[in-house]
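Student: I have a new structure to read, and I would like to learn how to go through it feature by feature. Could you guide me?

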Amino acid sequence: MQPPPALPPIPQLKTEARLLRKHSQAQGQPISHSTALERIAQYYGFRDWNTLSARATNLPDLQVGMRVEGQYLGQSYTGYVHGLSACGINGHRRITLQFDNPVDVVQFDSFSSWRQRVSAVIGADDRSPQKTSNGLPHLVVSPLL
């Protein structure tokens, strides 16, 4: 089972709604902008656009020193942002995380490889664009609220 998609910023959510409207129009099934917003909210697991918008607005931006949680190579972690810098275009950033407890990144019973500090590139959605063989992002980062 895949985790729910990460919550992008409001401008990206609105862009997704516009693209959904455009796609629906091209399929001969036009929908209103408000319907597109509601469908985007449902996709992200929210009851309606207002609820999604409120949640997305309240998400703090990642900062050095911030407490975070998430998944690294399929393993859950908590820790803090040790380093963060812009990386190229499209909102990509290089992030370095310090885990509270080392994470075993190997899935074999006879071998372990523990990591306590990792670096990766993440997109504007706070997920790495690189994926494991089962389709999950290498890294998912969420502020610990």
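This is a predicted model: local features need pLDDT of at least 70, side-chain atom pairs count only at pLDDT 80 or more; totals for chains, interfaces and linings use all residues.

Student: In what order do the five strands form the open sheet?

Tutor: Strands (E, at least two residues) and helices (H or I, at least four) are DSSP runs numbered from the N terminus, and two strands pair if DSSP finds at least two bridges between them. Here the order is β4-β3-β2-β1-β5, with antiparallel pairing. Strands β4 (114-122) and β5 (139-143) stand at the edges with a single partner strand each, so one side of each has no neighbour in the sheet. Neighbouring strands are turned against each other by 35° on average, direction ignored; for such angles, axes are lines fitted to C-alpha atoms, for helices over the stretch in contact, and angles run from 0 to 180 degrees between N-to-C directions.

Student: How many bridges pair β1 with β2, and how many join β2 to β3?

Tutor: Strand β1 (residues 67-72) pairs with strand β2 (residues 75-86) over six bridges in the antiparallel sense; in this pairing G70 stands opposite Y77, and Q71 opposite S76. Between β2 and β3, which also run antiparallel, there are seven bridges, and L84 has I95 in β3 as its bridge partner.

Student: Is T96 buried or exposed?

Tutor: Buried means under 20% relative accessible area, exposed over 50%, and partly exposed in between (1.4 Å probe, protein chains only). T96, found in strand β3 (residues 93-104), counts as buried because its relative accessibility is 15%. The side chains of T96 and S119 are joined by a polar contact of 2.8 Å, where the term stands for a pair of N or O atoms within 3.5 Å; within protein, one must be able to donate a hydrogen and the other to accept it, and residues adjacent in sequence count only if both atoms are side-chain atoms.

Student: Which residues does I122 touch?

Tutor: Contact means heavy atoms within 4.5 Å. Leaving out residues up to four places away in sequence, I122 touches several residues, among them L62, I95 and L139. I122 lies in strand β4 and, at 0% relative accessibility, counts as buried.

Student: Which residues of helix α2 are buried?

Tutor: In α2 (residues 33-43) they are A36, L37, I40 and A41. Seen down the axis of α2, these buried residues fall within an arc of 140°, so they line one face of the helix; the arc is that of the directions from the helix axis to the C-beta atoms.

How values were computed
Residues are numbered from 1 along each chain as its sequence is written. Side-chain values use heavy atoms; hydrogens and water are left out.
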